[in-house]
Amino acid sequence: MVTPVVLIAEELAPAAIDVLAHDFEVRHVDGTDRPALLAALGEAHAVIVRSATEIDAEAIAAAPNLRVVARAGVGLDNVDVPAATARGVMVVNAPTSNIVSAAEQAVALLLAVARNTAAACASLKSGEWKRSKFTGVEIQGKTVGVIGLGRIGVLFAQRMAAFGTRLIAYDPYVQPARAAQLGVRLVGLEELLAESDFISIHLPKTPETVGLIGERELRMVKPGVRIINAARGGLIDEQALAEAIAEGRVAGAGLDVFAKEPCTASPLFAFDNVVVTPHLGASTHEAQDKAGLAVARSVKLALQGEFVPDAVNVQAGGVVAEEVRPLLPLAEKLGRVFTAVAGGVAPSVTVEVRGEVVAHDVSVLTLAAMKGLFTAVVAEQVTYVNAPLLAADRGVQVGLSTAPETLDHPVLVTLRGALLDGRTVTVSGTALTGPRESLRLTGLDDFDLELEAEGVLLFFRYADRPGVVGTVGTLLGEAGVNIAAMQVARRGVGGEALMTLTVDTPVAPELLDRAASAIGATAASSVDLTD
């Protein structure tokens, strides 16, 4: 029996290598030496990289025995996941390796800003002894606002609780009961801004969150607030923040991330009460070691044919019936549409599967649906394995219902959920095989659709009347947005109507709101289903 070869292309912790050394042949190569890498991949069954080694289609093609690519870190920018999936190669990463380090960095920045640590250090090292100049504030008894209660936000909140603070949070995708378990009170963004003595941001960077804290929001804050961003650059308007600090509305800030990186010049650098660091959130020995250990264990499981918790591409990572596989991307896209239309994640969602396909194990479709439900609302990459954890963290229950018969389609998948405001949202779709192979949306609530589940989709609900389609088309055209497809469903003449458009490019929230206002829409949403 051939002993599998594990190729390590970048530095890995000795403990991680020990996990592999007993069962596999471990080889090393300089991943930045392209010819050497391609040659070494020829006999590799697994390759472990960090960020400097490029595992693209060429590298995967050079490795006929390759079964798993492991990235000892969070991002996968240097791994061609589609090429790996097409070859049946599993891709794994370490999605939780840096969450403690990132949370601790936010705490460190908050403490440094509260006590003027950086400025005082620079002053003393320059030969000055000016104690009164750097008088700070205590944290105990203060209100700390957490924007985003994902894994890192929760870790940050737990640590701040130990300081005797009052914790409030804004996160539209977390259920109040879950927040209460953490000792956190959920509030609206404006209330958080007005009440917080300290604000720390822990959100993903999405079109909806970019510029979330801008000039308008910074005029709502409690005077003397101190703001921390160790999440993603661009969530705060840096120029507006600088102006707020200059005017005394904001007492200080701590930033580990910037809209453009590397960042070596910023108006914020002029203030002594601003502490800045060069994106050090994951830069700890422990985080790097955790990443190495996590992927080493995943590689071991993969090469032994076991279930892999951090597999990114399920098609290569699990045994799924051929009849079920086309439904995986369908269920995920239905989850994305559900969250977009609902405007949030429902406390409970049922995945209903109808058709002869239910003779097979279709439980993986709940994972695919959860992946879609959370893809646009969390910072970390959502996989078929961490999706249940994300749901549990937010108090969301996802169930499965099956029936062997269906009516209009050989197979039908429906996501159905009740929202806290009493609304029920249902999204249905089917997978066509053969020459017309495609994924299609077949229903939204009680509106019938016949629409390919691809591209950028816009949904408008409004009272049926003449001229609405033209109004929306004109506004999109003036904005340079091309319409690829459009259909209208309605509940009788003059009743409620649903217009669905497929457009070639994402639509800015401002344009969506303007179009909705122009036609008096009762609801408008967009979702990007581009793969």
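Me: If contact means heavy atoms within 4.5 Å, which residues is Leu441 in contact with, leaving aside its neighbours within four places in sequence?

Reply: This is a predicted model, in which local features need pLDDT of at least 70 and side-chain atom pairs count only at pLDDT 80 or more, while totals for chains, interfaces and linings use all residues. Residues are numbered from 1 along each chain as its sequence is written, and side-chain values use heavy atoms, with hydrogens and water left out. Once the neighbours within four places are set aside, Leu441 is in contact with Leu334, Val337, Val427, Ser428, Gly429, Leu449, Glu450, Leu451, Ala453, Leu457 and Phe459.

Me: How many residues does the largest nonpolar core have?

Reply: A nonpolar core is a set of buried Ala, Val, Leu, Ile, Met, Phe, Trp, Tyr and Cys residues joined through side-chain atoms within 4.5 Å, where buried means under 20% relative accessible area, exposed means over 50% and partly exposed lies in between (1.4 Å probe, protein chains only). Among the residues with the most contacts inside the largest core are Leu441, Phe338 and Phe459. The number of residues in this core is 51.

Me: Which helix gives the most to this core?

Reply: Helices (H or I, at least four residues) and strands (E, at least two) are DSSP runs, numbered from the N terminus. With 9 residues, the part that gives the most to the core spans residues 327-342, and this is helix 14.

Me: How many residues are in the second core?

Reply: The second core is separate, and Leu235, Val250, Ala253 and Leu268 are included in it. Its number of residues is 29.

Me: How far from Asp171 is the nearest side chain of opposite charge?

Reply: Lys and Arg count as positive and Asp and Glu as negative, whereas His and the chain ends are not counted; a salt bridge is a side-chain nitrogen of Lys or Arg within 4 Å of a carboxyl oxygen of Asp or Glu. Asp171, found in the loop between strand 7 (166-170) and helix 8 (176-181), is buried yet has no salt bridge. The nearest side chain of opposite charge belongs to Arg394, and its distance is 4.9 Å.

Me: Which residue's backbone nitrogen does the side chain of Asp171 reach?

Reply: Not counting residues up to four places away in sequence, Asp171 touches Gly148, Leu149, Gly150 and Leu186. At 2.8 Å, the backbone nitrogen reached by the side chain of Asp171 is that of Leu149.

Me: Why does the pair of Phe258 and Phe269 count as it does, and what is its class?

Reply: Rings of Phe, Tyr and Trp (its six-membered ring) pair if their centres lie within 6.5 Å, and planes under 30 degrees apart count as stacked, over 60 as edge-to-face and the rest as tilted. The structure holds 1 aromatic pair. Phe258 is buried at 7% relative accessible area, while Phe269 is partly exposed at 33%. Because the ring centres of Phe258 and Phe269 are 6.0 Å apart and their planes stand at 85 degrees, the pair is edge-to-face.

Me: What value is phi of Asp445 near?

Reply: Asp445 lies in the loop between strand 17 (438-444) and strand 18 (447-452), and at 23% relative accessibility it counts as partly exposed. Its phi is positive in a residue other than glycine, near 55 degrees.

Me: How far apart in sequence are the parts tied together by Arg27 and Glu43?

Reply: The count of salt bridges comes to 29, and in one of them the side chains of Arg27 and Glu43 meet at 2.7 Å, N to O. Arg27 lies in strand 2 (residues 25-28) and Glu43 in the loop between helix 2 (34-41) and strand 3 (46-49), so the separation of the parts in sequence is 16 residues.

Conventions:
Contact means heavy atoms within 4.5 Å. A polar contact is a pair of N or O atoms within 3.5 Å; within protein, one must be able to donate a hydrogen and the other to accept it, and residues adjacent in sequence count only if both atoms are side-chain atoms.
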